Amino acid sequence: MAFLLVGLVTLGAAVVTVTTRQLVHAALWLVVALGGLAVEYLLLTAEFIAWVQVLIYVGSVVVLLLFGLMLTKAPIGRSPDADSGNRPVALAVALVAAASLVWVVVDAFRTTWIDLDGPAQGSTKVTGEMLFRHWVLPFEALSVLLLAALVGAIVLSRKNAKEARD
């Protein structure tokens, strides 16, 4: 029951994140959505993944996003430039993508059963082995992408400051 309740709150926060017209509010709702995912991991007894979720995504990614907003002088209030008017098309694409994702996940795990007598799947040992055996490259690619986003935000903010002086 708790899993379902936290999942609904997380889903609601995610929907508000992508539908709000204020960028700072979207970033704060993103904190709620990512925090909800961390709670879901805790409910699944994957404590290590929950802490990684909090430290990396809630801590680092959202702070990086807020710094990017501040450095690029993004509007703090409502931004009419951020709305392209394609909401119906975006909603249709989002619903098709969500339905496809649910179908793929359900089909992939239809015959999968969790061995409750084996080692805990969320334990640090199992997670570390999986992370360093199969997911090192995507993890490092994400860190390079985040670094490039921060450098790009700094370059954009310096360029605007230089143009303002001229």
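What is the mean pLDDT of the protein chain, and what share of its residues reach 70 or more? Then take me through the packing of helix H1 and helix H2.

Author: This is a predicted model, so confidence comes first. The mean pLDDT of the protein chain is 80. A pLDDT of 70 or more is reached by 81% of its residues. Confidence is highest in H1, at a mean of 91. It is lowest in helix H6, residues 136-165, at 74.

Next, the setting. The protein chain has six helices and zero strands. Along the sequence the pattern reads α-α-α-α-α-α. The chain has 166 residues, and 16% of them count as buried. Take the contacts between residues at least 6 apart in sequence: 70% of these join residues at least 24 apart.

Now the part you asked for. H1 covers residues 2-19, and H2 covers residues 23-43. Their axes lie 8 Å apart. The packing angle is about 160°. Angles over 145 degrees count as roughly antiparallel, and H1 and H2 are therefore roughly antiparallel to each other. The crossing of H1 past H2 is left-handed.

Who makes the contact? From H1 come Ala2, Phe3, Val6, Gly7, Thr10, Ala13, Ala14, Val16 and Thr17. From H2 come Ala26, Trp29, Leu30, Val32, Ala33, Gly36, Leu37, Val39, Glu40 and Leu43. Sorted by class, the contact has 14 nonpolar residues, four polar ones and one charged one.

Glutamine 53 sits in helix H3, residues 47-71. Is glutamine 53 buried or exposed? Its relative accessibility is 7%, and the cut-off for buried is under 20%, so glutamine 53 counts as buried.

H3 has a further partner. Helix H5 spans residues 124-134. Its buried residues are Val126, Thr127 and Gly128. These buried residues of H5 pack against H3.

To put it together: H1 and H2 pack at about 160°, with a left-handed crossing. Glutamine 53 is in H3, and the buried residues of H5 pack against H3.

Terms used: Residues numbered from 1 in each chain as written. Predicted model: local features only at pLDDT ≥ 70, side-chain atom pairs only at ≥ 80, totals over all residues. Heavy atoms only, no water. Axes fitted to C-alpha atoms, helices over the stretch in contact; angles between N-to-C directions. Helix = DSSP H or I, 4+ residues; strand = E, 2+ residues; numbered from the N terminus. Parallel < 35°, antiparallel > 145°, perpendicular 65-115°, else oblique. Left-handed = near helix turned anticlockwise from the far one by under 90°. Contact = heavy atoms within 4.5 Å. Nonpolar A, V, L, I, M, F, W, Y, C, P; charged D, E, K, R; others polar. Buried < 20%, exposed > 50% of the residue type's maximum accessible area, 1.4 Å probe, protein only. pLDDT = per-residue confidence, 0-100.
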